[in-house]
Amino acid sequence: MDLLDTLTAKGLRGEVPTREEALAVLATTDDELLDVVAAAGKVRRRWFGRRVKLNYLVNLKSGLCPEDCSYCSQRLGSKAEILKYTWLKPEQAADAARAGVAGGAKRVCLVASGRGPTDRDIDRVTDTMAAIKDADPEVEICVCLGLLSDNQAERLKAAGADAYNHNLNTSENTYGTITKTHTYADRVDTVQKAHGAGLSACSGLIAGMGETDEDLVDVVFALRELGSDSVPVNFLIPFEGTPLAKEWNLTPQRCLRILAMVRFVNPDTEVRIAGGREVHLRSMQPLGLHIANSIFLGDYLTSEGQAGQADLDMIKDAGFEVEGAGEATLPRHRADVAEAAAPAGSCGSAASACGSGGGCGPCGGHSHGAPEAAPVTEGTDDGLREDLVKVRRRGAGTELAPNA
Ligand code: SF4
């Protein structure tokens with residue numbers, strides 16, 4: 001297939017495909033799917049070998065957000081019966097983080113609901129990072145606190161953060177149908193603030209919100225242009241109690257095509273399968289590892305994932321290996337780029353890629369708005385697996401042990 005030969009050749013050279021080529025990946029048929037996965041797999045192995053980076057989420061503050069992101073179970077007015085709690089104490093968060101690291105996670109992702117942090121919140125997260133790094137100085141920390149004000153990224157960097165997560169989520173064209181309380185430009189600004197402060201930028205998307213193929217390609221190219229070191233690909237978890245609860249637009253095949261498109265556009269960038277992996281890829285998860293080089297271990301922010309041990313077994317059974325603490329995630333030339341973006345006097349910490357996984361975190365909802373979106377025909381009732389959506393009842397903010 002000429003398309004796949006072209007995409008493979010470009011990916012092996014680290015070149016970005018054209019927009020038309022990216023769209024063509026999303027239009028491939030089920031008969032072509034294994035060829036698409038194999039082509040993306042060659043590109044993945046060129047830059048990341050058979051390594052899988054494990055990231056572990058710690059939800060520092062859950063629910064009660066004043067923002068209205070329609071995919072999110074923590075949004076203003078959400079009726080989803082999720083855990084709701086205010087800031088974990090540093091030692092509570094460090095305990096949760098330790099469980100993830102002991103389970104094999106290289107990166108801990110500290111996430112808090114909300115529009116953005118106050119300066120007092122930055123102090124709290126500073127104390128939390130110190131507690132985590134006291135126990136394990138090698139662990140990478142990615143912080144996800146929403147929209148950043150001036151100097152907050154610099155403060156997080158000085159306090160030991162390695163990365164900052166803030167997802168673009170969808171295209172600029174459709175962003176206003178997903179969220180009214182902030183803009184796409186606000187999100188771009190925060191990613192740029194983080195990158196400018198020398199933090200590794202982690203920024204990704206949510207698929208399955210009623211968007212068109214063009215929207216998906218737009219946001220993925222935008223992420224490439226922003227210089228995101230890590231691209232979490234969330235598949236919408238349609239939480240009951242959110243505006244997007246009835247949006248079941250994804251099939252495992254569609255998810256694999258989306259992952260492949262993201263890989264071809266970001267050949268040498270960390271591509272992470274984020275929220276919705278178990279719900280939408282289901283038994284096809286191992287094929288996703290041939291495309292993405294990073295996943296979350298265990299549970300998500302407000303939903304439960306499969307058992308952490310099942311993640312580890314899947315990686316081993318599929319012939320991959322967990323990336324070790326001493327191994328660089330990004331290829332050397334990408335690390336150089338990230339270091340060059342850091343301000344003078346900053347050490348850069350670019351050898352890592354980022355973590356977390358959702359809009360603040362992985363993820364949920366869909367675009368009840370999206371009036372211009374073409375109907376998605378791939379997902380039918382076959383994809384409706386409400387039985388797989390499980391609200392998180394263990395780990396951070398509970399008395400029960402974390403899943404790691
Ligand atoms: S994605 Fe973040 S900002 Fe948006 S509603 Fe959820 S917690 Fe709030």
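Colleague: Over the face of which ring does R50 lie, and at what distance from the ring centre?

Modeller: A charge is taken to sit over a ring if NZ of Lys or CZ of Arg is within 6 Å of the ring centre and within 35 degrees of the ring normal. R50 lies over the face of F320, at 4.7 Å from the ring centre. R46 is placed over the face of W47, at 4.0 Å from the ring centre. Please note that this is a predicted model, in which local features need pLDDT of at least 70 and side-chain atom pairs count only at pLDDT 80 or more, while totals for chains, interfaces and linings use all residues. Residues are numbered from 1 along each chain as its sequence is written, and side-chain values use heavy atoms, with hydrogens and water left out.

Colleague: Where is E323 found, and is E323 buried or exposed?

Modeller: Helices (H or I, at least four residues) and strands (E, at least two) are DSSP runs, numbered from the N terminus. E323 occupies the loop between β10 (321-322) and α14 (332-341). Buried means under 20% relative accessible area, exposed over 50%, and partly exposed in between, with a 1.4 Å probe and protein chains only. E323 has a relative accessible area of 3%, so this residue is buried.

Colleague: Which side chains make polar contacts with that of E323?

Modeller: A polar contact is a pair of N or O atoms within 3.5 Å; within protein, one must be able to donate a hydrogen and the other to accept it, and residues adjacent in sequence count only if both atoms are side-chain atoms. The side chain of E323 has such a contact with that of R51 at 3.0 Å and another with the side chain of T329 at 2.5 Å.

Colleague: How many disulfides does the structure hold?

Modeller: A disulfide requires two cysteine sulfur atoms within 2.5 Å. The structure holds zero disulfides. For C109, the nearest cysteine sulfur is that of C142, 5.2 Å away.
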